[in-house]
Amino acid sequence: MTFKARILEAPEIRRMLRRIAHEILEKNKGPEDLALVGIHTRGVPLAQRLAESIHTFEGVTVPVGVLDITLYRDDLSEIAHQPKVRETKIPFDIWGKSIVLVDDVLYTGRTARAALDALIDLGRPRRVYLGVLVDRGHRELPIRADFVGKNLPTARTEVVKVKLEETDGEDAVELWEL
């Protein structure tokens with residue numbers, strides 16, 4: 001892959017996450033019955049950061065869960081012979097809650113579909129929202145994000161790499177060419 005451009009730096013990502021946290025609170029009419037669920041890998045620290053922002057704004061601790069969608073993917077045989085299954089940890093009852101599924105990049109919609117399937121297997125939330133840092137387009141399924149940090153139109157030959165301090169040692173969004 002060839003590096004093309006650095007799209008976002010740490011300060012811009014922080015501002016976007018604060019804005020998304022405000023949008024979540026506004027759409028949900030406050031933090032009541034709200035929970036965040038991060039999709040492995042980079043959705044997890046993003047969900048934790050959103051929860052921290054909500055706590056700062058509202059003084060309320062919103063529960064955060066971790067969702068592994070590996071076994072729900074429709075391309076499982078294509079990604080690895082022995083796919084790595086990670087832990088799903090939802091330490092709260094999702095029944096009747098407003099759940100925000102959080103991921104780093106929305107592309108085809110297949111990850112979001114798998115996350116919905118995995119979440120519904122755990123219970124019946126009142127509603128499910130989708131929040132992403134970057135929406136790059138090219139949907140293959142009728143899925144859209146409710147909360148978006150940045151819309152970034154891309155070519156199919158491009159790759160959006162989200163780097164986060166917790167997983168990669170820095171916060172950035174980069175564009176690469178295949």
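**Sheets, helices and a pocket**

A: Start with an open sheet of 5 strands, in the order β3-β2-β4-β5-β6, with parallel pairing. Strands pair if DSSP finds at least two bridges between them. Strands (E, at least two residues) and helices (H or I, at least four) are DSSP runs, numbered from the N terminus. This is a predicted model: local features need pLDDT of at least 70, side-chain atom pairs count only at pLDDT 80 or more, and totals for chains, interfaces and linings use all residues. Residues are numbered from 1 along each chain as its sequence is written, and side-chain values use heavy atoms, leaving out hydrogens and water.

Q: Which strands stand at the edges there?

A: β3 (64–67) and β6 (147–151) do. Each has a single partner strand, so one side of each is left without a neighbour in the sheet.

Q: How many bridges join β4 to β5?

A: There are 8, and the two strands run parallel. Val 100 stands opposite Tyr 129 in β5.

Q: What lies across β2, β3, β4 and β5?

A: α4 does, running at about 150° to β4. Helix α2 (residues 43–58) also lies across β2 (34–39), β3, β4 and β5, at about 155° to β2. Angles run from 0 to 180 degrees between N-to-C directions, with axes fitted to C-alpha atoms, for helices over the stretch in contact. Contact means heavy atoms within 4.5 Å.

Q: What about the open sheet of 3 strands: which order?

A: β1-β8-β7, with antiparallel pairing. β1 (2–9) and β7 are its edge strands. Helix α1 (residues 10–28) packs on this sheet, touching β1 and β8.

Q: Switching topic. How much space lies in the largest pocket?

A: About 820 Å³. A pocket is an open set of points on a 1 Å grid over the protein atoms alone, where a 1.4 Å probe fits, with protein on both sides within 12 Å along at least five of seven lines. The volume is the space filled by probe spheres set on the points.

Note on methods
On a 1 Å grid over the protein atoms alone, a cavity is a set of points where a 1.4 Å probe fits but cannot get out, and a pocket is an open set with protein on both sides within 12 Å along at least five of seven lines; lining residues have an atom within 4 Å of a point.
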